[in-house]
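Please keep the sequence and the model open while reading.

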Amino acid sequence: MVNISPLLSVRHLLALSLVLNVSLMLSVILERAKLEERLNLHPMKPKQINISPLNGDREVADNGEAILNLDHGDPTMYEKYWHRMGDRTTVVISGWQFTSYFSDPKNLCWFLEPELAEEIIRLHKMVGNAITNGYHIVVGTGSSQLFQAVLYALSSDTTEPVSVVSAAPYYSSYPMITDCLKSGLYKWEGDAWSFDKDGPYIELITSPNNPDGFIRQSVVNRSGGILVHDFAYYWPQYTPITAPADHNLMLFTISKTTGHAGMRIGWALVKDEIVAKKMVKYIELNTIGVSKDSQLRAAKILRVISDGSGLAHRFDGETFFGFSHRIMELRWDLLREAVNKSRIFSLPNFTPEFCNYWGRVFQPLPAFAWLKCKDGIEDCETLLRGHKILTRSGRYFGVSPSFVRISMLTRDQTFNLFVQRLSRIHSWNEER
Ligand SMILES: Cc1ncc(COP(=O)(O)O)c(C=O)c1O
């Protein structure tokens, strides 16, 4: 016979086994729920969505060990919004669908999915940031491919290499993309402010500008030049929409509009038919079109944004632009607070402007912070790297290394750790 201690009766054992079984069952149910959430088996219904712009992890404890990578402009901040949209943006494509190279053979841009074209026009009309009437839409594998198509289209008929310039601080990829193939058609000539070479030129105007967030105009101002406007950030979460843009050649990207950088979709609005045809030719030679799967996903995302952001819902914090604008406001407030505490950094000051989309005045909330180290600190990137904060030095943007560019579009936790850590840096020499 088993010798049961008088302290542990059969009743006690039965109760204990019941408690153990219940807790086992509960942990199985919890694990299953977590798995279902991860696999998104039960997407949230509209009424359950409650989007708070920042997680409750504002005060995450920082032991200074985590590496905070704010070098790339990877827009992971938006994941949270799309996660909570659940199945509303799901696209299902069967194996037999969309197998052809062609999307719309009668269109100048024969690889542009009509659904995407429709949603691009609809979104621009709703936001009021660009005129689409009278423009050809050329879709590209990101706006990076369109930039290359533009260079080809604007230089293929010239006898000497066309100079490519942009006012410093300029987007760090422009020089690298322009010169990577050592093309005889075009050549990077650097800062537009100091450009004085004769001959044809292309001026790239990024507005709002990457890296500093300012609204820009052409600076060269002489004949023989072609202007290309990169409007990656001309959206109402980042800057007041003051008028619909109507320049000859305008570039947009889904990466910074909705946060879907991995889809690799961008579009150009092109007035001149010959230029548009040459851009299409370049993309035909380069990649024989643009992924249809990505175009259809992009169309769905844009449709969900437009459906949810009509006049009746515009000011609702749960719309895409409402959410994104609020999160940018909060992040810029937190960053300015941290910079004031640290005292050795400074940020640009922007003039508030009236935004036609929001119907109110606000100060630009750029996707990048253009941080300057003061007190004679010459290498801001190295200073911050010492604190395990990775940024991109001003020298990649054609200016002094006392500046760095910092992505404002990272995930909550990284951003919150970053502002906490930044606020504690008071000098170059302090222990890191
Ligand atoms: C000004 C500007 N243009 C173009 C791009 C590239 O966009 P895409 O991801 O569509 O190639 C970026 C990305 O950071 C950008 O900042």
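## Model and numbering

The model is predicted: local features need pLDDT of at least 70, side-chain atom pairs count only at pLDDT 80 or more, and totals for chains, interfaces and linings use all residues. Residue numbers start from 1 along each chain as its sequence is written.

## The sheet

Seven strands, in the order E2-E8-E7-E6-E5-E3-E4, form an open sheet of 7 strands with mixed pairing. Strand E2 (136–141) and strand E4 (186–191) are at the edges with a single partner strand each, so one side of each has no neighbour in the sheet. From one strand to the next the twist averages 25°.

Strands (E, at least two residues) and helices (H or I, at least four) are DSSP runs numbered from the N terminus. Two strands pair if DSSP finds at least two bridges between them.

Strand E3 (residues 162–166) pairs with E4 in the parallel sense over 5 bridges, and Val-162 is opposite Tyr-186 in E4. E3 also runs parallel to E5, joined by 4 bridges. Val-165 has Glu-203 of E5 as its bridge partner. Glu-203 in turn has Leu-227 as its bridge partner in E6, and 6 bridges join E5 to the parallel strand E6 (residues 225–230).

In strand E5 (residues 201–206), 6 of the 6 residues are buried, so the strand is largely enclosed by the rest of the structure. Buried means 20 or more other C-beta atoms within 10 Å of the residue's own, with C-beta atoms placed from the backbone. In a regular strand, side chains alternate between the two faces of the sheet. Tyr-201, Glu-203 and Ile-205 point one way from E5, and Ile-202, Leu-204 and Thr-206 the other way.

## The ligand shell

The ligand is surrounded by 13 residues (C-beta atom, placed from the backbone, within 6 Å). The closest are Gly-142, Ser-143, Ser-144, Thr-253 and Ser-255. Helix H4 (residues 142–155) gives the most to this shell, with 3 residues. By type, the shell has 3 nonpolar, 9 polar and 1 charged residues. Here Ala, Val, Leu, Ile, Met, Phe, Trp, Tyr, Cys and Pro count as nonpolar, Asp, Glu, Lys and Arg as charged, and the others, Gly among them, as polar.

How values were computed:
Axes are lines fitted to C-alpha atoms, for helices over the stretch in contact, and angles run from 0 to 180 degrees between N-to-C directions. A residue is buried if 20 or more other C-beta atoms lie within 10 Å of its own, exposed if 12 or fewer, and partly exposed in between; C-beta atoms are placed from the backbone.
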